[in-house]
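I opened this entry to keep track of what I looked up in one chain. The notes are in the order in which I took them.

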Amino acid sequence: MARWHGLRRARYWGLVKTRLQAIFTALAVNFKRWVYLAIAAKRAVKTAAA
């Protein structure tokens, strides 16, 4: 997450804002993972049925 999603440096000043940035970044990364897993599962079902 540090390399691709900007968690190496905080965008805002303050501990609360920095923590919120980390939480929102983690939510975005997890959402992207869930979408990727859903697409991969759908493809696996299609190839198994064919």
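Ground rules. I am working from a predicted model, in which local features need pLDDT of at least 70 and side-chain atom pairs count only at pLDDT 80 or more, while totals for chains, interfaces and linings use all residues. Residues are numbered from 1 along each chain as its sequence is written, and side-chain values use heavy atoms, with hydrogens and water left out.

Helix α1. I took helices as DSSP runs of H or I with at least four residues, numbered from the N terminus. Helix α1 covers residues 15–49. I read 51 Å from its first C-alpha to its last for 35 residues, close to the 51 Å expected at 1.5 Å a residue; the expected span is 1.5 Å times one less than the number of residues.

Burial. I call a residue buried under 20% relative accessible area, exposed over 50% and partly exposed in between (1.4 Å probe, protein chains only). The number of buried residues in α1 is 3 of 35, so the helix lies largely in the open. Which residues of α1 are buried? I listed Q21, T25 and V29. An α-helix has 3.6 residues a turn, so residues three or four places apart point the same way.

Q21. I noted a relative accessible area of 9% for Q21, which makes it buried. Its side chain reaches the backbone nitrogen of R11 at 3.0 Å. For contacts I used heavy atoms within 4.5 Å. Not counting residues up to four places away in sequence, Q21 touches G6, L7, R9, A10, R11 and Y12.

T25. I found T25 buried as well, at 12%. The side chain of T25 reaches the backbone oxygen of Q21 at 2.7 Å. Leaving aside neighbours within four places in sequence, T25 is in contact with M1, H5 and L7.

Open side. I looked up K17 in α1 and noted 49% relative accessibility, so K17 counts as partly exposed. Y36 also lies in α1, and at 59% Y36 counts as exposed. Y36 is one of the residues in a nonpolar surface patch of about 700 Å², together with F31, W34, V35, L37 and I39. Areas come from the Shrake-Rupley method with a 1.4 Å probe.

Conventions: Helices (H or I, at least four residues) and strands (E, at least two) are DSSP runs, numbered from the N terminus. A polar contact is a pair of N or O atoms within 3.5 Å; within protein, one must be able to donate a hydrogen and the other to accept it, and residues adjacent in sequence count only if both atoms are side-chain atoms. Patches are made of residues with over 30% relative accessible area and no salt bridge: like charges are joined within 9 Å, nonpolar side chains (Val, Leu, Ile, Met, Phe, Trp, Tyr) within 5 Å. A salt bridge is a side-chain nitrogen of Lys or Arg within 4 Å of a carboxyl oxygen of Asp or Glu.
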